[in-house]
Amino acid sequence: MSTGIATITAFDGNSRVDRDPYQILGVARTASQTEIRARYVRLLKLHHPDIEGSLPARLADVQAAYRCLADPAIRAAHDRRLADRERSHFERQRRVQRRLGRYDRGHRHSIPRACQLRRWRTVLIATIGIGVATRAALMLF
């Protein structure tokens, strides 16, 4: 059980591993245990110390991520913590948007694209009309 606690703290953002264990293993949050195990075995073979060019730090990250996701209790705790972080992140974003909305009320907003196109079309037609009228007036005199 002590390894479970250690792996939970390994993904709290204070250690060298800032990434999500799902990202490290490259699986979706809805992945089954067999999918997680298959990806772990594949990455274990890829980053094995006997293979030339392997990174020991990457192997340690993969092993810590697998320990976190292999145990259902630790995985559930991690998923709850992830959901709480996402919820607080979206709440912060909403607060910032509301605060910015207060400052944006007094400013003119840009003209919508459809109105801009209509304006340019009107200017173009007026310019062509003036050009035609000028030519016609010059030809008469």
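Five arginines, R92, R94, R95, R98 and R99, form a patch of positive charge on the surface. A patch is built from residues with over 30% relative accessible area and no salt bridge, where like charges are joined within 9 Å and nonpolar side chains (Val, Leu, Ile, Met, Phe, Trp, Tyr) within 5 Å. Lys and Arg count as positive and Asp and Glu as negative, while His and the chain ends are not counted. Each charge is placed at NZ of Lys, CZ of Arg, CG of Asp or CD of Glu. One of these arginines, R99, is located in helix α5, which covers residues 72–104. R99 counts as partly exposed because its relative accessibility is 41%; the class lies between buried, under 20% relative accessible area, and exposed, over 50% (1.4 Å probe, protein chains only).

The model is predicted, so local features need pLDDT of at least 70 and side-chain atom pairs count only at pLDDT 80 or more, whereas totals for chains, interfaces and linings use all residues. Residues are numbered from 1 along each chain as its sequence is written, and side-chain values use heavy atoms, with hydrogens and water left out.

**Overall fold**

The protein contains six helices and zero strands, and from the N terminus its elements follow the order α-α-α-α-α-α. Helices (H or I, at least four residues) and strands (E, at least two) are DSSP runs, numbered from the N terminus. Of the 141 residues of the protein, 21% count as buried.

**The nonpolar core**

A nonpolar core is a set of buried Ala, Val, Leu, Ile, Met, Phe, Trp, Tyr and Cys residues joined through side-chain atoms within 4.5 Å. The largest such core has 13 residues, and the members touching the most others are Y22, L25, V27, I36, V62 and L69. Two or more residues come from each of α2 (21–25), α3 (33–46) and α4 (56–70). Helix α4 gives the largest share of this core, four residues.

Helix α3 also holds R42, which is exposed because its relative accessible area is 55%. R42 and L25 stand 17 residues apart in sequence, and their C-alpha atoms are 9.5 Å apart in space.

**Salt bridges**

Side chains of opposite charge can pair when their charged atoms come close. A salt bridge is counted where a side-chain nitrogen of Lys or Arg lies within 4 Å of a carboxyl oxygen of Asp or Glu. The count by this rule is two.

| Pair | Closest N and O atoms |
|---|---|
| E86 and R29 | 2.8 Å |
| R87 and D84 | 2.9 Å |

The pair of E86 and R29 links distant parts of the chain: E86 belongs to helix α5 and R29 to the loop between α2 and α3, 57 residues apart. E86 is partly exposed because its relative accessibility is 33%, and R29 is partly exposed with a relative accessible area of 41%.

R87 and D84, in contrast, both lie in helix α5, three residues apart, about one turn of the helix. R87 is partly exposed because its relative accessibility is 45%, and D84 is likewise partly exposed at 41%.

**A nonpolar patch on the surface**

L124, I128 and V132 make up a nonpolar surface patch with about 300 Å² of accessible area together. Accessible areas come from the Shrake-Rupley method with a 1.4 Å probe, and for residues only the protein chains shown count as cover. L124 sits in helix α6, residues 113–140. L124 is exposed because its relative accessible area is 52%.
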